Amino acid sequence: MLNSTGELQFSNEENPEVISQLTSLALCDGKSSAGVPEKTGYPDSVYVMAANIFQGIRIEKSAQKVLIKYGNEPLRSLSESEDQSFRRLSYELAFSALKYQDILEAILIDSCIFPSTTIPDHLSSLIIVMLYDFQDRKFQTRVPSDNEESISEVREVENLLNSFKIKLAAALARCRIKHDALSIYHILPETVRKQELRASTLPLYAWINTCKISPEEVYNNLKRRGYHKVKSVLHIDDKVFAVDQHCYDVLIFPSHLKNDLINIDLFKDYKLIFQDKSRSLAVHSVKALLNMDDDILMVNTGSWYTVAHMSVLTNNNTSKVFVCGVQSQAKDPDLKTLFTKMGCKNIEILHELFINIESKDHRLQKIKVILLLPRCSGLGVSNPVEFILNEHEDTEFLKDHSQGGISEDKLHILAQQQYEQLTHAMKFTKAQAVVYCTCSVYPEENEAVVKKALEFQDLGNKVQPYSGTLLRQCL
């Protein structure tokens, strides 16, 4: 069983009045809680998965500053669920713990749970994520589901945190007072707080798969489910939707409706697909540049839904959509199954990296538009968890977002990679346009890269001038 050096000196008797006063002092976040359902905690398996994610992305400190040691081995879970909602909860919990890592560690030390020689290092990540959830629930006891299979490490950590309930609440209150902050939320960097505020107000975007259903059929289906079509969904709490003004096949929903929407058949049957609007803008920009028989080359697509959307938009053409960089041929069957389910028939997968494909490749002689979605800092993304799940980004993405920025060295590396890909795209002499789309707020990854690439063109490296489209979308 877990134990701590201070546990024997601490009374296990709970004082509800003291806890109530301390949690009110510590947890007030300046936001209205009206209408927000009371948080009840997560299944054991979510805590374990979140702990393993946190273990891989936590901020490492110098040896002189390390007060809490973390193990190197991941916790064993009962099963690795592929359920999207399960993964989303785990990533959200890990990301929240990461943003507050310094505060949570300080609370654990102030409350005398750490340093301790009796707590195994490999459980430290689990303690951090469970402590974040514990304080987010105002230190209320979790009631696990009767049909949930328990995980011993989770229950041991839970017992430890419960035994230190008053000390933890007091440490959290002192932390808030020390920083002269209304809540621990206000201790976060301003860039991170702005990002969270933006994420809380942004609507949901979903595009219609017209290979499987018409827009009118979607509207009627939603109306039968109690949804109403409006001109704008901003500041509306009802079940409503609107058509996007830039992309005719994209619908907009208030963000609070997501849990209701993901369970309806329209989404389960790939007739409606949630995705960032930046990706829809990108494929629509390409579509506007195409003739009936022009081919498209897609680079660094991230989500396969972006490929599918491009395919759907060109379904009535004789165009082919070439996708490069799918290095593992083992993925082919899964991708083809997905595209078949979505009704996509004109997609060709190339296993080579884009930078290694020559412009004279016989397969690409009808390419008229190249869609370049380079890997970027992604600091324009307001909901990094959704972005990771949808765009298959590395979990390191969360570390940058938790700090509100990236290092100059990393920014330089990304900008150089983007420049190399953009100039390589300009070597395809038969292509007439390049659409370059990032989710970055940095000029170094946007205007500066395009300007530098155009200077490369002016040096005579291109037979004909380019039509260039730069999309810089902050979501």
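Which residue in β5 does Ile208 stand opposite? The answer is Leu272, in a predicted model where local features need pLDDT of at least 70 and side-chain atom pairs count only at pLDDT 80 or more, while totals for chains, interfaces and linings use all residues. Residues are numbered from 1 along each chain as its sequence is written, and side-chain values use heavy atoms, with hydrogens and water left out.

On confidence, the chain averages a pLDDT (the predictor's confidence in each residue, from 0 to 100) of 85, and 86% of the residues score at least 70. Residues 5-13 fall below 50, with 17 contacts (heavy atoms within 4.5 Å) beyond near neighbours in sequence. Residues 29-36 are also below 50, and that stretch has 3 such contacts.

Back to the sheet: 5 strands make up an open, mixed arrangement in the order β2-β3-β4-β1-β5. Strands (E, at least two residues) and helices (H or I, at least four) are DSSP runs numbered from the N terminus, and two strands pair if DSSP finds at least two bridges between them. The edges are taken by β2 (228-229) and β5 (272-274), each with a single partner strand, so one side of each has no neighbour in the sheet. Strand β1 (residues 204-208) pairs with β5 in the antiparallel sense, over 3 bridges. Helix α13 (residues 304-313) packs on the sheet here, touching β1 and β5, and its direction makes about 45° with that of β1. Axes are lines fitted to C-alpha atoms, for helices over the stretch in contact, and angles run from 0 to 180 degrees between N-to-C directions. Helix α9 (residues 215-224), for its part, lies across β1, β2, β3 (240-243), β4 (250-253) and β5, running at about 20° to β4.

Then there are the helix pairs. The axes of α13 and α14 (residues 332-341) come within 11 Å and cross at roughly 45°. Trp304, Tyr305, Val307 and Ala308 in α13 meet Leu335, Leu338 and Phe339 in α14. By class, this contact has 7 nonpolar residues (Ala, Val, Leu, Ile, Met, Phe, Trp, Tyr, Cys and Pro), with no polar and no charged ones (Asp, Glu, Lys and Arg count as charged, the others, Gly among them, as polar).

Helices α2 (residues 44-57) and α3 (residues 84-99) have axes that come within 8 Å and cross at roughly 50°. Among the α2 residues that meet α3 are Tyr47, Ile53 and Phe54, and the α3 side includes Phe86, Arg87 and Leu93. The contact of α2 with α3 counts 14 nonpolar, 2 polar and 1 charged residues.
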